[in-house]
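Hi,

Here is the structure I said I would pass on. Have a look, and my notes on what turned up are below.

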Amino acid sequence: MTKKWMIRETTSGDIAQVLSLYPLAFPEEELRPVVLALLKDGSDVLSLAGFDGDALVAHVLFTICETEELDRTGSLLAPLGVIPLLQRRRLGSSLVRAGLERLEKRGIKQVFVLGDPAYYQRLGFSPERQVLTPYAIPEEWADDWQSIQLAAQAPLAPGRLALPEPWMNPVLWEL
């Protein structure tokens, strides 16, 4: 990696590079349809990319969401991908932290993620028991559903997370 590592919000001109990243980062999952749908359908998202020079090498998507109480001050962090050659260099962590800072400025109270607790707990996430995933997940994955509260705000009201249509596929909630 060069010293030109830069994080910025993506534009429509970055979509091809974003989509080419995910088969490399997740060769056993097909995430491109949901990413493309969220970027193109007008969903309220924060899409950040990390660039090494002109090359997009990392990407994270935060989808603004709500609970059943219609409190639109939550966000789902997913997916987060880094090209394999540059994994374990804190690029993903840098993207997540940059996203959390921007979301806090937008008034987002709480960010949710379904992922590896060993990774996300280093970033301040902890198991979430009040706000539930859109679809039930197996009990052995309970600690994989996590959240972080931003600033000193109260968490979202308990209930099931409501997300835009691209996330409403039960297959996406199977680890």
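Predicted model: local features only at pLDDT ≥ 70, side-chain atom pairs only at ≥ 80, totals over all residues.

E4 gives the largest share, seven residues. The volume of this pocket comes to about 1,200 Å³. It is lined by 37 residues, and Phe 26, Leu 80, Gly 115, Asp 116 and Tyr 120 are the closest to its centre. Sorted by class, the lining has 22 nonpolar, five polar and ten charged residues.

The second largest pocket holds about 170 Å³ of space. Its lining includes Glu 128, Arg 129, Tyr 135, Trp 145 and Arg 160.

Now for a helix pair. Helix H1 (residues 15-25) packs with helix H2 (residues 32-40) at an angle of about 155°, and their axes are 10 Å apart. Angles over 145 degrees count as roughly antiparallel, so that is what H1 is to H2. Their crossing is right-handed. On the H1 side, Ile 15, Val 18, Leu 19, Tyr 22 and Pro 23 make the contact, and they meet Arg 32, Val 35, Leu 36, Leu 39 and Lys 40 of H2. By class, that contact has eight nonpolar residues, two charged and no polar ones.

Cheers

Methods: Residues numbered from 1 in each chain as written. Heavy atoms only, no water. Axes fitted to C-alpha atoms, helices over the stretch in contact; angles between N-to-C directions. Helix = DSSP H or I, 4+ residues; strand = E, 2+ residues; numbered from the N terminus. Parallel < 35°, antiparallel > 145°, perpendicular 65-115°, else oblique. Left-handed = near helix turned anticlockwise from the far one by under 90°. Contact = heavy atoms within 4.5 Å. Nonpolar A, V, L, I, M, F, W, Y, C, P; charged D, E, K, R; others polar. 1 Å grid on protein atoms, 1.4 Å probe; cavity = no way out; pocket = protein on both sides within 12 Å on 5 of 7 lines; lining within 4 Å. Points joined across faces, edges and corners; volume = space filled by probe spheres on them.
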